[in-house]
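Hi everyone, thanks for coming. Let me put the sequence and the model up on the screen, and then I'll walk you through a few spots.

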Amino acid sequence: KWARLEALCWVMAPEMLCEAITSKSWSEVEEDMKVDPYKKRCFERQNQLATYFEAEIQLMAQMCYGRSDNCCAWLCRSFPYSLLVSTCSNPHLPPQIRAAFAYLARTLYLDRTPQSPNCGRP
């Protein structure tokens, strides 16, 4: 079963995204976590997983940063340009995730070998 990216990552910016994703206000969710320690643990684990996911996206971008053609070719098949642009413009994702995907888009599609002869030219 697939999970929506928004449902995974909202915990990174709960004040901004909680209501849009869970249909509860952040204050309600906080109260639930104070009453039920299990919900608090689940929230913390989900936050840890979302942070790990962000680090994975940043790692993939770093792998392509030096214009590694093999990495770029493999990741371009896994992350089409349209997917990256739609992820960057998704208002239901935390800014950190959107920034990580923007960085990946830049390293995969803008800062790569075919454009390098034109670098620095007016």
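Let's start with a question: leaving aside its neighbours within four places in sequence, which residues is Asn90 in contact with? They are Glu6 and Arg98, where contact means heavy atoms within 4.5 Å. Asn90 itself is found in the loop between α6 and α7, and with a relative accessible area of 15% Asn90 is buried. On that word: buried is under 20% relative accessible area, exposed is over 50%, and partly exposed is in between, using a 1.4 Å probe and protein chains only.

Some housekeeping before I go on. This is a predicted model, so local features need pLDDT of at least 70 and side-chain atom pairs count only at pLDDT 80 or more, while totals for chains, interfaces and linings use all residues. Residues are numbered from 1 along each chain as its sequence is written, and side-chain values use heavy atoms, with hydrogens and water left out. When I say helix, I mean a DSSP run of H or I with at least four residues, numbered from the N terminus.

α6 covers residues 81-88 and α7 covers residues 95-110; they pack at an angle of about 150°, with their axes 8 Å apart. That makes α6 roughly antiparallel to α7, a label for angles over 145 degrees. The axes are lines fitted to C-alpha atoms over the stretch in contact, and angles run from 0 to 180 degrees between N-to-C directions.

Who touches whom? From α6 we have Tyr81, Leu84, Thr87 and Cys88, and they meet Arg98, Phe101, Ala102, Leu104, Ala105, Leu108 and Tyr109 in α7. By class, this contact has 9 nonpolar, 1 polar and 1 charged residues. Here Ala, Val, Leu, Ile, Met, Phe, Trp, Tyr, Cys and Pro count as nonpolar, Asp, Glu, Lys and Arg as charged, and the others, Gly among them, as polar.

Zoom in on Leu84, in helix α6. Leu84 is buried, at 0% relative accessibility. Leaving aside its neighbours within four places in sequence, its contacts include Phe79, Phe101 and Leu104. The C-alpha atoms of Leu84 and Ala100 are 9.9 Å apart, and the two are 16 residues apart along the chain.

Now over to α2, residues 14-22, where Pro14, Leu17, Cys18 and Ile21 are buried. Seen down the axis of α2, they fall within an arc of 125°, so they line one face of the helix; the arc is that of the directions from the helix axis to the C-beta atoms. As a reminder, an α-helix has 3.6 residues a turn, so residues three or four places apart point the same way. Turned away from the buried side of α2 is a face with the exposed residues Glu15, Met16 and Glu19. And what covers the buried ones? The cover includes α1 (5-9), α3 (26-35) and α4 (37-65).

Last stop, α3 and α4. Their axes come within 5 Å and cross at roughly 120°. Trp26, Asp32, Met33 and Val35 in α3 meet Pro37, Lys39, Lys40 and Phe43 in α4. That contact divides into 5 nonpolar, no polar and 3 charged residues. Also in α3 is Glu28, partly exposed at 42% relative accessible area.

That's my tour, so over to you.

Notes
Helix = DSSP H or I, 4+ residues; strand = E, 2+ residues; numbered from the N terminus. Parallel < 35°, antiparallel > 145°, perpendicular 65-115°, else oblique.
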